[in-house]
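User: I would like a close look at a single part of this model, followed by a connected account of how the chains meet.

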2 protein chains.
Amino acid sequence: VLAEEDDVKTYDLVLIGFGVVNRALARLIIEEPDRFRSLGFELRVTAIADLAMGSTISPTGIDLAAAMALPRGLTFEEIGGSSAARTEDVIRSAKADIAVEATFTNGVTGEPAASHVRWALDAGMHVVTTNKGPIALHGAELRARASADRCFLFEGSVLSGTPLLGLVRDTLAGTQITAVRGVLNGTSNFVLERMEAGERLEQSVAEAQARGYAEADPSADLNGSDVRLKVTILANELMNAGLTPDQVTTTGIESISASDIIAAARDRRRWKLIGEVHREVDGTVTASVQPVALDTDDPLIGISGATNAVSVTTDLLGPVTITGPGAGATETAFALLADIITIHSQSKDLSRA
Amino acid sequence: VLAEEDDVKTYDLVLIGFGVVNRALARLIIEEPDRFRSLGFELRVTAIADLAMGSTISPTGIDLAAAMALPRGLTFEEIGGSSAARTEDVIRSAKADIAVEATFTNGVTGEPAASHVRWALDAGMHVVTTNKGPIALHGAELRARASADRCFLFEGSVLSGTPLLGLVRDTLAGTQITAVRGVLNGTSNFVLERMEAGERLEQSVAEAQARGYAEADPSADLNGSDVRLKVTILANELMNAGLTPDQVTTTGIESISASDIIAAARDRRRWKLIGEVHREVDGTVTASVQPVALDTDDPLIGISGATNAVSVTTDLLGPVTITGPGAGATETAFALLADIITIHSQSKDLSRA
């Protein structure tokens, strides 16, 4: 029912990290400007900082096609930038509206991503990130750093582009969340499925790596620590739990044997790595990650491959489950777009306040 | 990031229909005022019109507990109202902010619900409804009737409280929807499951009726016409298709035989009544309702009983599926609350414009 507005707003972005996710966003910006215009805004990238490629700044807009065409191994020096990243300086001098953080996750310190977010928030920007490390480890601190009129959003940090956080924030307002439970790791899905087909764990992991599902070091997928970070985010952001990752009881799938798989299959049950958060009767919130042999009528039993799913149980509705991609460059870039759309709609509110 | 606002707004409601859904909303209003206050508003019912119970109006707020305590067969005359419904008069004289329409669905004319909506929109109210008939049959006309500063919302018309329409509107903005596909009828789920367990169709239907899942006349559930209305809403509201229900190719589950069920089970497939909408390459939108024997890896295969699910396929994400209740009084009342929350947030925008 809002009146149409003719003015199209331009948001200047600084991209922090120029890997597959921010490149997918850049591709959308180059190839589909109408997608953004129809939403009421244009996106212009005025700075990029990348650990490997260095940095480039242009207040009138970077030539994204040229930046993306740089052959592997070359730096932004080739297009007038610098071979050094100097991320803090880039953020401070970029004078962008929104910092788009999509570097790698460090699950122990959250760095350097957490510092990227701090610098950008301190410089008065909105910040969007797909990076689970800083949110799981420093979420409360970072949220507190954002000024009242700036957004700090991270839809892509849990389920890539599947809009779980937006679903809860925008459409489940008015309910109390009592539990969250999900399948949050595609590699462990893949490995458990291959084991159901008779492979050993080591074989399955090697195959996941060969197909590009699993990292060179797949331990975070197998030992549950990837899901632990995601569960920490869900506990804190959806249920205000104030948990740290080390408070999440965590067991990986390494302990699952061929005979466990066979025994489950006999009852048509299937093992999945399940992340769970519960509010107890006394109000405390507990969280865990562990392999569970799901019954045939469990809504999560069919979740396979790169698909993830999370069930949110509320006081008024019982479980509502959202299922969708848990990985992918374009999918994760959509999460950044979803966050930018939220910034745009909240900025309209603020400019009218 | 919006600043906290101390003022709590009061919305006056006229309840049209006083059956299980509006009673569930009334119960929330009586028992949990803090739920609404924490959202920034209070709800006060200033009028009720019900075909069986008549009508009651009180500009200072109706005693909802007294209204709900009236024994079956008595009318609002007992508490100072009238034994006649006079719905048009009640709406016009109620001077409420929001009309809450939750009467029965007529799948052929959409009446009298469509008239209720028209009267309320013409009287300048926001309108929320859980009623699929008027939306499927007169959605475009009714939407056009709403003034620019009034909302016409109907989250509960497709999946009771599962917030599918909100998910698409609020969190999938920026994507193009290419297909929608779902399991949208709990009775047919139940009947097909009982047939998988060896019962005949007639037995299964009788059991569904005995348990209160199926209506006394279950034909709309079995012949697909219930799902046809829902699919029409999805096609028009999510994909702007401009379809009428008779343009939705519809086959019910009556044609499924025991041998069909057995043949599917041999391949671990399961029959479900599937509603589907597709955008073709030339831009036209086609829609259908039919029983389909789903493969084991179909995300809808596990949807059973009163649970419903809809997969929305978009250009950026592939299918995102939302699963949750497809029926229930409190669940459907939540849809009304979700729509009122949307009205509240849009009203804040407008008051600042």
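Which residue is the bridge partner of B:Val14 in β2(B)?

Analyst: In this predicted model, B:Val14 has B:Ala47 of β2(B) as its bridge partner. The two strands concerned, β1 (residues 9–16) and β2 (residues 41–50) of chain B, run parallel and are joined by eight bridges. Strand β1(B) also pairs with β4 (residues 98–101) of chain B, again in the parallel sense, over four bridges. In that pairing, B:Ile16 stands opposite B:Glu101 of β4(B). Strand β1(B) is mostly covered, with six of its eight residues buried.

Turning to the two chains, chain B is superposed on chain A by a rotation of 180° with 0.0 Å of shift along the axis, at an RMSD of 0.0 Å. This is the relation of a two-fold axis. The copies meet through the same surface, because 100% of the interface residues of chain B are also interface residues in chain A. Chain B contributes 41 residues to the contact, and chain A contributes 41 residues. Between them an area of about 3,500 Å² is buried, 64% of which is given by carbon and sulfur atoms.

Polar interactions are also found across this interface: six residue pairs are in polar contact, and the count of salt bridges is two. One salt bridge links the side chains of B:Asp315 and A:Arg35, with an N to O distance of 2.7 Å. On the side of chain B that touches chain A, the elements giving two or more residues are α8 (164–171), β12 (318–325) and α14 (329–352). Helix α14(B) supplies the largest share of that side, nine residues.

Conventions
Residues are numbered from 1 along each chain as its sequence is written. Chains are lettered from A and ligands numbered from 1 in the order in which they are written. This is a predicted model: local features need pLDDT of at least 70, side-chain atom pairs count only at pLDDT 80 or more; totals for chains, interfaces and linings use all residues. Side-chain values use heavy atoms; hydrogens and water are left out. Buried means under 20% relative accessible area, exposed over 50%, partly exposed in between (1.4 Å probe, protein chains only). Two strands pair if DSSP finds at least two bridges between them. Copies are superposed by least squares on the C-alpha atoms of residues with pLDDT of at least 70 in both. Contact means heavy atoms within 4.5 Å. Buried area is the accessible area (1.4 Å probe) that two parts lose on being put together, summed over both. A salt bridge is a side-chain nitrogen of Lys or Arg within 4 Å of a carboxyl oxygen of Asp or Glu. A polar contact is a pair of N or O atoms within 3.5 Å; within protein, one must be able to donate a hydrogen and the other to accept it, and residues adjacent in sequence count only if both atoms are side-chain atoms.
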